[in-house]
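Subject: Structure handover

Hi,

Here is the structure I promised to pass on to you. Have a look at it first, and then read my notes below.

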Amino acid sequence: MTAAREAREVSARSTLDKAAHENFPVAPFFLPRDWRDDLMAVYGFARLVDDIGDGDLAPGGADARSLGVGPAEADDPLVLLDAFEADLRRVFDPAGDAPRHPLLRALRPTVRRRSLTPEPFLGLIAANRQDQLVRRYETWDDLRAYCELSATTVGRMVLAITGTSSPERIRRSDAVCTALQIVEHLQDVAEDLARDRVYLPAEDLERFRVTEEDLAAPTANASVRALIAYESRRARDLLDEGTALVGSVHGRLRLLLAGFVGGGRAALAAIATAGHDVLPGPPKAAKAHVLRETGAVLRRARRKG
């Protein structure tokens with residue numbers, strides 16, 4: 001293996017390793033091996049495109065080189081996203097050249113095996129382009145529309161991989177995935193502001209009399225805490241709306257989806273335990289709490305089933 005190829009493979013592994021730090025299980029051991037492989041392939045795509053958009057790529061420039069982007073433009077997210085989209089299109093072109101990036105090469109068999117379409121993948125790239133151009137959201141509906149690109153596409157791909165898509169399940173999945181995205185935004189208020197992004201609707205900032213200077217403080221004042229509590233309730237309502245998805249499936253998939261919902265509930269509980277003060281750093285749920293919440297979701301699903 002050449003040094004350049006080894007660097008690309010190391011970069012790809014570092015991207016996949018981030019799965020352990022998500023609020024929800026990505027591809028847990030109890031799933032069938034083929035599901036795990038396909039879920040990790042989709043996760044690798046989603047994590048990498050988010051890292052491009054956030055400027056969080058592994059140091060050394062291996063990802064840019066894989067995509068054919070030279071050193072002069074390797075720090076430009078829009079250039080990298082354009083190159084990433086071009087490489088993604090190779091995934092869906094069976095007669096064309098193989099994708100350049102190792103994570104996209106790993107995605108190609110999944111796309112073929114599960115008959116996945118390019119639209120959800122392109123939607124996630126579009127969301128990250130939007131992050132470069134739109135840094136504030138005026139209303140809750142504006143933020144929800146962004147989440148439709150950045151989060152719900154992933155949930156729909158999970159349903160496609162497991163062969164369980166239906167209009168009702170997609171609707172419930174969209175609610176869960178939007179909630180998980182909102183929770184992540186609440187955890188990362190300070191980090192996002194450092195990138196000049198605010199994912200709290202401007203109308204809510206005004207309602208609670210919160211300024212961006214308040215969000216930049218080391219700790220949250222009473223108004224910021226009240227705002228975070230309000231947005232947390234909205235996220236919880238979305239989780240409640242989507243929880244019926246868990247009871248609509250069976251077996252190991254039910255356990256996976258319960259983990260998604262349980263992870264979201266545990267993260268919200270961690271935010272509440274911190275007194276809704278998210279400014280010192282992201283409140284994170286302990287694994288034991290995630291397991292308890294997941295168990296509670298499963299018990300409710302069994303009672304209603």
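What follows is a short tour, from the overall fold down to single residues.

Please keep in mind that this is a predicted model.

**Overall picture**

The protein is built from 16 helices, with 0 strands. Its radius of gyration is 19 Å, close to the 19 Å that the globule rule gives for 305 residues, so the protein is as compact as a globular protein of that length. If you are setting up a box, the C-alpha atoms fill roughly 55 × 50 × 30 Å along the principal axes.

Of the 305 residues, 50% are buried. The accessible surface comes to about 14,000 Å², and carbon and sulfur atoms account for 53% of that surface.

**Salt bridges**

Side chains of opposite charge can pair when their charged atoms come close. In this model the count is 22 salt bridges.

Let me begin with Arg114 and Asp34, which form a salt bridge whose closest N and O atoms are 3.1 Å apart. This pair links distant parts of the chain, with Arg114 in helix α5 (residues 102–114) and Asp34 in helix α2 (residues 33–54), 80 residues apart. Arg114 has a relative accessibility of 19% and the cut-off for buried is under 20%, so Arg114 counts as buried. Asp34, at 36%, counts as partly exposed.

Next come Arg197 and Asp54, whose side chains meet in a salt bridge with an N to O distance of 2.7 Å. Here, too, distant parts of the chain are linked: Asp54 belongs to helix α2, while Arg197 is in the loop between α10 (189–194) and α11 (202–207), 143 residues away. Arg197 is buried, at 5% relative accessibility, whereas Asp54 is partly exposed, at 22%.

What does the salt bridge between Glu241 and Arg171 tie together? The closest N and O atoms of this pair are 3.4 Å apart. Glu241 lies in helix α13 (residues 222–242) and Arg171 in helix α9 (residues 167–187), so the pair ties together parts that are 70 residues apart in sequence. Glu241 is partly exposed, with a relative accessible area of 32%, and Arg171 is partly exposed as well, at 38%.

Some salt bridges share partners, and in this way Asp34, Asp38, Arg113 and Arg114 are joined into one network.

**Backbone angles**

Most residues other than glycine have a negative phi, and most peptide bonds are trans. Two residues are worth a look with that in mind.

Ser115 has a positive phi, near 55 degrees, and is not a glycine. Its place is in the loop between α5 and α6 (119–133). Is Ser115 buried or exposed? At 60% relative accessibility, Ser115 counts as exposed.

Asp196 also has a positive phi, near 65 degrees, in a residue other than glycine. Asp196 is found in the loop between α10 and α11, and with a relative accessible area of 39% it is partly exposed.

Helix α8 (residues 152–161) has 7 of its 10 residues buried, so α8 is largely enclosed by the rest of the structure. The buried residues in α8 are Thr152, Thr153, Gly155, Met157, Val158, Leu159 and Ile161. After α8 comes Gly163, with a positive phi near 65 degrees.

**A buried glycine**

Gly262 sits in helix α15 (residues 251–273) and is buried, with a relative accessible area of 0%. Which residues is Gly262 in contact with, leaving aside its neighbours within four places in sequence? They are Glu293, Thr294 and Val297. As a distance to check in your viewer, the C-alpha atoms of Gly262 and Leu193 are separated by 27 Å, and these two residues are 69 apart along the chain.

Best wishes

Key: Residues are numbered from 1 along each chain as its sequence is written. Side-chain values use heavy atoms; hydrogens and water are left out. A salt bridge is a side-chain nitrogen of Lys or Arg within 4 Å of a carboxyl oxygen of Asp or Glu. Helices (H or I, at least four residues) and strands (E, at least two) are DSSP runs, numbered from the N terminus. Buried means under 20% relative accessible area, exposed over 50%, partly exposed in between (1.4 Å probe, protein chains only). The radius of gyration is taken over C-alpha atoms; the globule rule is 2.2 Å times the number of residues to the power 0.38. Accessible areas come from the Shrake-Rupley method with a 1.4 Å probe; for residues, only the protein chains shown count as cover. Contact means heavy atoms within 4.5 Å.
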